[in-house]
Amino acid sequence: MRIRIDEERCEGHGRCWETAPDLVEDDDRGRGVVRDPDAPVAPEHEAQARQAANVCPERAVILDP
Ligand code: SF4
């Protein structure tokens with residue numbers, strides 16, 4: 001699994017990086033930025049990734065198989 005954020009959709013609500021701090025950080029405008037977009041999500045962080053996708057009101061957090 002990989003996690004990415006659609007910058008066009010992201011409105012900076014901050015729920016993703018509050019929910020998945022091991023995977024996502026915030027930029028200077030409060031938008032989510034994936035910490036390591038080229039790396040697969042570690043198995044121990046997959047639950048965080050799913051939660052971040054679920055809480056994003058803009059559906060901007062995308063999980064790729
Ligand atoms: S929760 Fe969604 S809209 Fe909010 S910062 Fe994260 S990706 Fe962007």
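**Exercise 1.** In which helix does Gln48 lie, and is Gln48 buried or exposed?

*Solution.* The model is predicted: local features need pLDDT of at least 70, side-chain atom pairs count only at pLDDT 80 or more, and totals for chains, interfaces and linings use all residues. Residues are numbered from 1 along each chain as its sequence is written, and side-chain values use heavy atoms, with hydrogens and water left out.

Step 1. Gln48 belongs to helix H2, residues 46-55 (helices, H or I, of at least four residues and strands, E, of at least two are DSSP runs, numbered from the N terminus).

Step 2. Gln48 counts as buried because its relative accessibility is 16% (buried is under 20% relative accessible area, exposed over 50%, partly exposed in between, with a 1.4 Å probe and protein chains only).

Step 3. Setting aside residues up to four places away in sequence, Gln48 touches Thr19, Ala20, Pro21, Asp22 and Leu23 (contact means heavy atoms within 4.5 Å).

**Exercise 2.** Describe the order of elements and the overall dimensions of the chain.

*Solution.*

Step 1. The chain has 2 helices and 4 strands, which run β-α-β-β-α-β from the N terminus.

Step 2. The radius of gyration is 10 Å, close to the 11 Å of the globule rule for 65 residues, so the chain is as compact as a globular protein of that length (the radius is taken over C-alpha atoms, and the rule is 2.2 Å times the number of residues to the power 0.38).

Step 3. Along the principal axes, the C-alpha atoms fill a box of roughly 30 × 20 × 20 Å.

Step 4. Of the 65 residues, 28% count as buried.
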